[in-house]
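Please examine the sequence and the three-dimensional structure shown below. The explanation after them leads from the overall fold to individual side chains.

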Amino acid sequence: MSNTPMAASPLTRAVLEIDEYASGLGWDQPARLFALVDTARLRVQEPALAAQLGLADDEPETTGLTPIEQDEIPTDKALDEFLGTIAWPDAVAGCALTVERLMLPPSAEAQVPKGLNEKKLAQWVAEHPDRQEVRMTVAVLRDGTRESALRLREKDAATEVLTGSDLVPGLAEALAATFVD
């Protein structure tokens with residue numbers, strides 16, 4: 001299904017698979033949350049679910065992670081508040097979130113007017129001429145491993161997706177906190 005590179009780590013492949021899925025849905029989408037489960041374990045413990053997800057028993061890959069989309073994220077609650085309510089069962093190896101945001105270049109930081117509340121700051125960013133729309137997909141594993149993918153709306157192509165473990169550290173921290181007891 002995916003065009004992700006086979007040489008990449010299982011977490012990188014999962015992040016790129018989620019990015020590809022989100023790309024297929026288009027822009028202006030709500031945030032989406034995914035559980036990441038060990039593919040081999042899923043095939044053994046939940047064969048019916050594995051079959052429903054199109055994971056054939058004869059596929060050679062045994063070290064992969066399968067993203068499973070969760071219920072919709074409520075829009076009436078701040079994302080960080082919502083993430084604070086999540087607890088994952090032991091079968092979940094990690095989680096991922098894809099979310100769209102407006103981003104400014106670092107040079108715009110000096111231009112931010114002082115004393116803006118959150119709503120006015122969001123409005124200022126939305127009206128800034130250098131703003132960029134970005135889709136961020138961030139994933140973390142229970143062991144703390146992280147990966148991210150960033151896709152700019154103006155460069156909306158799989159070959160233009162930037163990946164790295166520290167691209168969105170705040171969101172990665174919030175996701176990692178969902179595994180803390």
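The model is predicted: local features need pLDDT of at least 70, side-chain atom pairs count only at pLDDT 80 or more, and totals for chains, interfaces and linings use all residues. Residues are numbered from 1 along each chain as its sequence is written, and side-chain values use heavy atoms, with hydrogens and water left out.

The protein contains six helices and six strands; helices (H or I, at least four residues) and strands (E, at least two) are DSSP runs, numbered from the N terminus. Along the sequence, these elements follow the pattern α-β-α-α-β-α-β-α-β-β-β-α. Of the 181 residues, 38% count as buried, where buried means under 20% relative accessible area, exposed over 50%, and partly exposed in between (1.4 Å probe, protein chains only). A contact means heavy atoms within 4.5 Å. Among contacts between residues at least 6 apart in sequence, 66% join residues at least 24 apart.

The strands deserve attention next. Strands of a sheet pair through backbone hydrogen bonds, either parallel or antiparallel. Here, two strands count as paired if DSSP finds at least two bridges between them. Six strands form an open sheet in the order β2-β1-β3-β4-β5-β6, with antiparallel pairing. Strands β2 (65–69) and β6 (162–164) stand at the edges with a single partner strand each, so one side of each has no neighbour in the sheet. On average, neighbouring strands of this sheet are turned by 20° against each other, direction ignored. Axes are lines fitted to C-alpha atoms, for helices over the stretch in contact, and angles run from 0 to 180 degrees between N-to-C directions.

Strand β1 is joined to β3 by five bridges, and the two run antiparallel. Within this pairing, Leu33 has Leu97 of β3 as its bridge partner, and Arg32 has Thr98 of β3. Strand β1 also pairs with β2 in the antiparallel sense, over five bridges, with Leu36 opposite Pro67 in β2. Six of the seven residues of β1 are buried, and the strand is mostly covered. Helix α6 packs on the sheet and touches β1, β3, β4 (132–141) and β5 (146–152); its direction makes about 35° with that of β4.

The aromatic side chains complete the picture. The structure holds two aromatic pairs. Rings of Phe, Tyr and Trp (its six-membered ring) pair if their centres lie within 6.5 Å; planes under 30 degrees apart count as stacked, over 60 as edge-to-face and the rest as tilted. Tyr21 and Phe34 form an edge-to-face pair, 6.0 Å centre to centre with 90° between the planes. Tyr21 belongs to helix α1 (residues 10–25) and Phe34 to strand β1 (residues 32–38), so the pair ties together parts that are 13 residues apart in sequence. Tyr21 is partly exposed at 32% relative accessibility, whereas Phe34 is buried at 3%.

Trp88 and Phe179 form a stacked pair, 6.2 Å centre to centre with 25° between the planes. This pair links distant parts of the chain, 91 residues apart: Trp88 lies in the loop between α4 (79–83) and β3 (94–103), and Phe179 in the segment after α6 (169–176). Trp88 is buried at 12% relative accessibility, and Phe179 is buried at 13%.
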